[in-house]
Amino acid sequence: MKQYNIITYGCQMNENDSEKISKMLTDLGYCSTGNINNADILIMNTCSVRENADDRFFGNLGYMKNIKKKNDMIIAVCGCMMQQEHIVTQIKQKYPYVDIIFGTHNLHQFPSLLEKHLKTKKPVYEIQNSTDEIFEGIDSERRYSYKAYVKIMQGCNNFCSYCVVPYTRGREKSRKRQDILNEITSLANSGVKEVMLLGQNVNSYGIADNIGTSFPSLLREVNEIKGIERIRFMTSHPKDLSDDLIDAMSECSNVCNHLHLPIQSGSSRILALMNRKYDREKYLSLVDKIKAKIPDISLTTDIIVGFPTESEEDFADTLDIIDTVRFDGAYTFIYSPRKGTKSYDMKLDIPADVIKERFSRLLDIQKKISEENKFKYLNTAVEVLCEGRSKTEWEILTGRTRDNQLVNFTGSANAGDIIEVYISNTKSFYLQGKQI
Ligand code: SF4
């Protein structure tokens, strides 16, 4: 049997695309291998959100040349980076051993592109700039039997000044409500208990296409699907988070009490430069509203440090908002200029050592808050969806609470079981306990 290996960079959207590519390859008779040296075909699914993801990809692609020399594997590259002309030109010039390049809008064509390459033995390139279509009926080879990603929309219309996604994933397009519900029902029938609804901004689901269903309505319908016990979603743009969504979250028993609400900066001046369309006051009043309706909500966020012109005062505003909201966790990033975006031309005016120092201050403060927030779980029982054995310690099981806390515990549960765990200890990034 021929074998394939997929390297996925970036977000859950990319993971979801990789699951679809896996299914296409399985249908073509390939099986998965964790060892690239044995692969007949390697797919590298790229991310262009930050410069270090680009660098990692090119570093790995260079290394693949030696492996290809030994095993003559086919190398296919896809994902967001391939929607950028200068990247594709660079690959064609410096990495001519890449056999197939395809863009984010050409995913469904992958089997025919592979067939074309196998027949002609020549490089095949297929990159469409944009599409108005959403291709239904592409199945996924799901990584887990008990939880699944379900893409509800693609693309983004927001054009945050630092973000390349609207250029690489195109304009926002929502899937039809019934197609989503059918997919989730079929997942539930196959034993899936948790779904994560995916979109660049799920809060604007259905608006641009005027499809007649809002995200809160969709959430309410998913909540009725028998067998689905946990519903998560990602990502929520604060500017589009409606009262109706907060109501839906508080009323739907299967919607998890966790919300990832990227703030990016605590400074209204920087938020305006980022084109985020909310200011710190609006964000804080949103948080107050959410906490009032859902008192046990867990909030996490994204923060960018070192956006051009960020002053010490702006950064102090970010630290202040972190201290006020007391997020359970934050994905923190150093600003990374992306070609083609509005902020790309802004002067990088903050010295690297200043950015580094701010970044480490931010990490320290967030770590302290995350640790302190965990104390409330001590000596309590929490519901955990077991995800199997810990990668580092075989005798330890791992899973997540409804509010997305990572729990490491001892017990006899199997992956996919929803069980109770008594929490006896807390660590910086997880809770520790014993299955009850
Ligand atoms: S909402 Fe902003 S940050 Fe998120 S994908 Fe769209 S443009 Fe990028």
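This is a predicted model: local features need pLDDT of at least 70, side-chain atom pairs count only at pLDDT 80 or more; totals for chains, interfaces and linings use all residues.
Let me begin with helix α11, residues 312–325, and helix α12, residues 352–374: their axes come within 10 Å and cross at roughly 10°. Angles under 35 degrees count as roughly parallel, and α11 and α12 are therefore roughly parallel to each other.

By class, the contact of α11 with α12 consists of six nonpolar residues, one polar and one charged.

Helix α7, residues 215–223, and helix α8, residues 243–251, have axes that come within 8 Å and cross at roughly 15°. That crossing angle makes α7 roughly parallel to α8. As for handedness, α7 passes α8 in a left-handed crossing. From α7 the contact draws on Phe-215, Pro-216, Leu-219 and Arg-220, and from α8 on Asp-244, Leu-245 and Ala-248. Here the contact of α7 with α8 divides into five nonpolar residues, no polar and two charged.

I turn now to the backbone. A cis peptide bond joins Met-234 and Thr-235, with omega at about 5°. Thr-235 has its place in the loop between β11, residues 230–234, and α8, the helix that also takes part in the pair with α7. Another backbone feature concerns Asn-275, whose phi is near 60°, a positive value in a residue other than glycine. Where is Asn-275 found? This asparagine sits in the loop between α9, residues 268–273, and α10, residues 280–293.

Next, the ligand. What surrounds it? The shell is made up of Cys-156, Asn-158, Phe-159, Cys-160, Cys-163, Val-165, Pro-166, Gln-200, Asn-201 and His-237. Six residues of this shell are nonpolar, four are polar and none is charged.

Finally, the overall layout. The chain is divided into domain 1 (3–126), domain 2 (144–256), domain 3 (289–373) and domain 4 (378–435). How far apart do the C-alpha centres of domain 2 and domain 4 lie? The separation of those two centres is 27 Å. Their contact takes seven residues from domain 2 and seven residues from domain 4. On the side of domain 2 that touches domain 4, two residues are nonpolar, one is polar and four are charged.

The contact of α11 with α12 includes one polar residue, whereas the contact of α7 with α8 has no polar residue.

Terms used. Residues are numbered from 1 along each chain as its sequence is written. A residue is near a molecule or strand if its C-beta atom, placed from the backbone, lies within 6 Å of it. Ala, Val, Leu, Ile, Met, Phe, Trp, Tyr, Cys and Pro count as nonpolar, Asp, Glu, Lys and Arg as charged, and the others, Gly among them, as polar. Domain bounds come from an automatic or database domain assignment. Two residues are in contact if their C-beta atoms, placed from the backbone, lie within 7 Å. Axes are lines fitted to C-alpha atoms, for helices over the stretch in contact, and angles run from 0 to 180 degrees between N-to-C directions. Helices (H or I, at least four residues) and strands (E, at least two) are DSSP runs, numbered from the N terminus. Angles under 35 degrees count as roughly parallel, over 145 as roughly antiparallel, 65 to 115 as roughly perpendicular and the rest as oblique. A crossing is left-handed if the near helix is turned anticlockwise from the far one by less than a right angle, and right-handed if clockwise.
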